[in-house]
Amino acid sequence: MRAFFLKVVALLALAAPAQAFDTNATSAWVYDVQTGTVLMEKDADKPIPPASMSKLMTLYMLFEALDEGRVQMDTQLPVSSRARAMGGSTMFLNELDRPTVEQLIKGIIVLSGNDACVVVAEGLAGTEDAFARQMTERGKQLGLENSTFRNSNGWPNPEHRMSTHDLGTVARLLIEKFPEYYEFFGMTEFQYEDRAPSNRYNRNPLLKLGIGADGLKTGHTQEAGYGLVGSAVQDGRRVIFVISGLDSDRARAEESERIVNWAFRQFTMQNLVPAGETVVDAPVWLGTDSHVGLTSEKGVNVLVPAGAQDQVKVEVVYDSPLPAPIAKGEQVGKLVVTIPGTRDTVTPLVATEDVPEAGFLGRMKGAVMQLGQRAYSAVRS
């Protein structure tokens, strides 16, 4: 495809230069949801021990079961001796309990209950091993390229791995596909049957800071270090981030807040092309019309680092001339925005109208014109 440069006027007001974020995490991924822009990544595709952050995949599987009607919020699930014996973070369940699905969701999110995850796994798949295999298979279907699950709760296992990119993908899917359940991630405390009152608080350090944080999950093991899958919304913009490998819960809290502040302060949202606006009129070959408009159905929003407006490059890419026939809404090109420090933003461009193929006389006329242009070019050369 050929590239055609598009002039963009007054993209940004002057601002201080954006600073690259130098994270202390060993692995990290930061993502702007509205524009689909990866703001920062560090070893983001490396499979790492995810600890309790992998509980997000268990919740994803449970939310799908709810949507499919296999369980309801008031469905009660049995507690096995295996679930009761789980160490680490727990709901303090025993074999006499019959917690509801809603209680288990809260127990996993707020209390990080390892026992609750086993109850869910056994309730949905019969055994935790079978559930872990289902998690791995479903993960591949969802595009988790660097994830393998060996249990439901992130208990240390040399083959239980996720990348920070994959963790961020699961977080995005939870937010987008299950808004009716996502509010549970913002809960700051939950106590099951008045057990262990000192353990009732959510470990997410961002929820009480007033910075728009509303999820999602902390994690910690000796091998993994301290990690967090977080999300926050400010002025309609949502940012998802994942960090792992910090050396303390305090370092995790400080790094998480730093990332949120950086993501919202160092980038400016710009509506580059309104939805439905014609970006360019592209020439058409052997059609009833000589040109067709190209547009973006959803518009083009981009995040530009502060002070980088002079380095933004916008290209419209399409084969010229476009061969008829062309159908309205057919993708015939793309708009590529290149911004320093971020991945290119690529938006499909579609035809604004139908352009049927020309009749015999029209095709003959087009062929003659093309020959004339070639002859003119040859003389000039």
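So, what volume does the largest pocket have? About 500 Å³. Quick caveats before I go on: this is a predicted model, where local features need pLDDT of at least 70 and side-chain atom pairs count only at pLDDT 80 or more, while totals for chains, interfaces and linings use all residues. Numbering starts from 1 along each chain as its sequence is written, and side-chain values use heavy atoms, with hydrogens and water left out.

By pocket I mean an open set of points on a 1 Å grid over the protein atoms alone, where a 1.4 Å probe fits, with protein on both sides within 12 Å along at least five of seven lines; lining residues have an atom within 4 Å of a point. The volume is the space filled by probe spheres set on those points, which are joined across faces, edges and corners.

Okay, the lining. There are 21 residues, and Thr-35, Thr-345, Val-346, Thr-347 and Pro-348 are the closest to the centre. Strands here are DSSP E runs of at least two residues, helices are H or I runs of at least four, and both are numbered from the N terminus. E2 (27-32), E3 (37-42), E10 (300-305) and E14 (345-351) each supply at least two lining residues, and E14 has the largest share, with 5.

E10 runs antiparallel to E7 (residues 267-273), with 6 bridges joining them; pairing takes at least two DSSP bridges.

Now the inside. A nonpolar core is a set of buried Ala, Val, Leu, Ile, Met, Phe, Trp, Tyr and Cys residues joined through side-chain atoms within 4.5 Å. The largest one has 54 residues, and Met-57, Phe-63, Ile-105, Leu-174 and Phe-185 touch the most other members. H1 gives the most to this core, 9 residues. Skipping neighbours within four places in sequence, Phe-63 is in contact with Ile-105, Leu-174, Phe-178, Tyr-181 and Phe-185, contact being heavy atoms within 4.5 Å. A separate core of 25 residues includes Ala-282, Leu-335, Val-337 and Ala-351.

Last stop: Thr-90, in the loop between H2 (81-84) and H3. Thr-90 is buried, at 10% relative accessible area. Beyond four places in sequence, its contacts are Leu-111, Ser-112, Gly-113, Asn-114, Asp-115 and Asn-199. Its C-alpha atom is 7.3 Å from that of Ala-116, 26 residues apart along the chain.

Terms used
Buried means under 20% relative accessible area, exposed over 50%, partly exposed in between (1.4 Å probe, protein chains only).
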